[in-house]
Structures are given as structure tokens and as C-alpha cells.
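This report looks at aromatic contacts and helix packing. Please have the sequence and coordinates open while reading.

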Amino acid sequence: MDFKDIQELIKLINRSNLTDFKMKDGEFELSIRTNKYQKQKPAVSPQPTAGTPQAAPIIQMPPVQQPYTPAPPQPAPAPAKPQAEAPKAEAPAAAEKGGDSNYLEVRSPIVGTFYRSSSPEKPPYAKVGDTIEVGQVVCIVEAMKLFNEIESEISGKVVKVLVEDAQPVEYDQVLFLVDPKG
Amino acid sequence: MQYKNTLFIGKVVHAFSALPSTNSHAQELLSKSTPIEGTVITAAEQTAGRGQIGSRWYSPASLCISMSVILYPRFLEARRQFGLNIIAALAVRDTVQHFLADGPPCRVKWPNDVYLAGKKVAGILIQNQIAGRQLQHTIIGIGLNVNVEQFPPALPLAISLRQAGGALYDLWAVEEALGRALEQRYLALRGKQIASLQEEYYENLLGYGESCRYLLPGGREVVAVGKGVDEDGRLRLWFDGQEQAFGLKEIQWLPD
């Protein structure tokens, strides 16, 4: 089972009514838990940056479905196995925190290959801990020999880079998590 | 020095005798200012012309055209950017056909290389900036082999206009024609004529509607029929009774 298969699986589970999924195949074990039916307060979404009235497509404010949160201790018992992160899980675990610690996402606007720097010998545009500004280039996504510098539409501190250099990315895939308060 | 017979491309031309890369210079300009649309940067010689990430483009002094054109295709959704490959490849092809009217047919190799008699006559490198879903600016970089008499042995698959046509060409005339062709194609794209542009791209696409050999991910070799490109610009191939689309790094075209 490779990364793509897992992605597919997560999509399927998200579309289903399942809240718990476990599988075992030899050495490989996978456990996915969704909290889609957990009761929760509505998340307080921070507003996107001024000047982007429409939902910004690349860099989205945490939507109500915001799976990437600083993972506060959850009331539900944690699964024994590492929990797969659903790209579009239905309910945010962090809603309890009122959304004030939510991270923003930088997403890929196109299908292509993700590059963290403009050439192999150059340093990455943005690494964990860096503060990025609106309009700053954070990565390159190459698609069929078209090289795209992706501008950030938000400012904050990079807390996670979710894709390895030179890896393929899908449309709307989350690339970076950014803490707007960082 | 500016192009005649164009509306906006080449009304400002920054011509250098040598630059590391015309695209990089265009990027630098864009980072400091907002050059007017159609600004062209050329170099008689590129000392570090860029091919794909990590590779270089051979461009000896005054024998090739190395030009970069700055455009602001804000009408184009980022996801539809393959249209830029289409117009750039067609513009190069228009130019080559113009100077080699009786020459061998000039074809496009997906995604954006231009071939003459089975060899590469031009390379295109497009660099965009995206904010949100829209393209902000694009730099269309074109390297066209014009008067090269002989390529180094390391480049057995390169060809120049001179080699194909047996004559020397006026570089300025070729450059101007290229600027004009690009402008016409760009205006067609802006005029939402993507369907007819795509049709023309297909008509000139190597392997379109033909059976060719390809190397699939995992090393399997297949004979597949080219069906064009999908909306993300991936190559659509028909084999094993079904159609599949492949990205640039997923598939290798095996010449006959």
C-alpha cells in the first residue's frame, strides 16, 4: 500500500459513514479514526487577509473542516496506532479550543511536482519556523514544464511542510501549515 | 530597438550581449518593478540558460535566439495554464514554418518542445507566478536554434534552422517574427479561442492519433495511441483498452 492508496482510502472513508477503520496486512497496520459525528462548537474562523474577500483558493483559512490543529488532548481515547490525517476530515478536533490555535493552509493550485527551492543548490523558500509574508513566494509547483511560483496570501509562521521536495502534488493538496499568530 | 508589426510584444526590448539566463533576468525585473506587458529580454549568449530544473540549455553566442517575454495573463486560471505551453509551442512552430516553408514538417513534442526532422529545434521554459487561483505574471522563455552549424556531440538530438534549411538567417528578423507569432497566439488565448488552439496543437503533436512506444512508471513498455492532453496538461494515452493520463515524469516517449 503506498501513499496514493492511503489517500484514496481516506477519501472513501470520508464519504462513508465509518468513524473507525483498521486494517492489517502483514507488517503493515493502519488505523483511521474520524470524528465526524462528534458534537462540537462551531469553529471560529479567522478572517482571511484583507483584500481577499473570496475564499482564497491556495491559502485557505481553516475551513470548518480543519484537520490540522495543534492536536490538543482529545476527549476521545487516542487510537493506539498513528492516526492518518484525513485531508478533508469532516470535523475539527480543535473546535474545542474555539479555533484560536488553528493553522492556515497553503494549498496547491495545480497538479504538478512540488519544489521547495528554485534549484537544487538554493535554500528552500520557506522552512519550518520561518515567518512568511503576504505575496512571498513559498514554493514552486512544476506542471508539464510550466514552473509556478506560489505566492502566500497570508502571513504567519510555517509550522509544517507537508510535502517532500520533488514529490507529486494533486490539485488543492495542502502543502504548508502556517500559524497566523506565529 | 523594438519590434515592428506587433501591438505590445517587443515594444520594449532589453537586449544583452550575454546574460546568465534571460528568464532569470525577467524575474529580477519583475521583483523590482512592473515591466509593461510584452517586455522582451534577449541575450546573444546565455551563460547559464535554463532547461528543466537542474539542466542547461546550449546557446552559443549569436547563433541562437534566447528570449523571454513578460506577460500578465490574469484572464487565465492557474489550472488552465497549459494554454501557455500551447501558444508558445505554436508560435515557435509558426516562426520555423515561416522561414522554412519548404523544409521538413515542424512538430510539437508534448508538452512544449518543437521538433524538426525528428530533432529538437527549440525549447520553451515558462515561469509563472500564482496568487490564489489566478496567474499573476508569466515569463515565456524561448530558445530557438537558428544559425548553429554543428552541435556538440553531447547534443545529438538538436537541430538548427540553418541545418534544416541550408542558409544563414537574420537573427533579428527571426526574433521579430517570433515575437509577432507569440503575440497573435497569445491574443487568441485571451480571446478564449482555446479550443481551436488546442486543435492546432493536436494537429502538430507528435504521436497524436498514432501508435508510439512509451515507457510507463514501473518500467513497462507499451504501444499507445496519443489522445491529446487532459485539462491539467497531462498526456492522454490509449492502451489496454482504456485511456490513462500521465504527467511529465511518469512517462517516457521511446523514439522508433
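Which residues form one aromatic cluster?

## Basis of the model

This is a predicted model, in which local features need pLDDT of at least 70 and side-chain atom pairs count only at pLDDT 80 or more, while totals for chains, interfaces and linings use all residues. Residues are numbered from 1 along each chain as its sequence is written, chains are lettered from A and ligands numbered from 1 in the order in which they are written, and side-chain values use heavy atoms, with hydrogens and water left out.

## Aromatic contacts

The cluster consists of Phe82(B), Tyr201(B), Tyr202(B) and Tyr208(B). Rings of Phe, Tyr and Trp (its six-membered ring) pair if their centres lie within 6.5 Å, and planes under 30 degrees apart count as stacked, over 60 as edge-to-face and the rest as tilted; by this rule there are nine aromatic pairs over all chains. Tyr202(B) and Tyr208(B) are stacked, because their ring centres are 4.7 Å apart and their planes lie at 20°.

With buried meaning under 20% relative accessible area, exposed over 50% and partly exposed in between (1.4 Å probe, protein chains only), Tyr202(B) is buried at 10%, whereas Tyr208(B) is partly exposed at 34%.

## Helix packing in chain B

Helices here are DSSP runs (H or I, at least four residues), numbered from the N terminus. Helix α2 (residues 82–99) of chain B packs against helix α4 (residues 171–190) of chain B at an angle of about 140°, with the axes 8 Å apart, where axes are lines fitted to C-alpha atoms over the stretch in contact and angles run from 0 to 180 degrees between N-to-C directions.

Note on methods
Helices (H or I, at least four residues) and strands (E, at least two) are DSSP runs, numbered from the N terminus.
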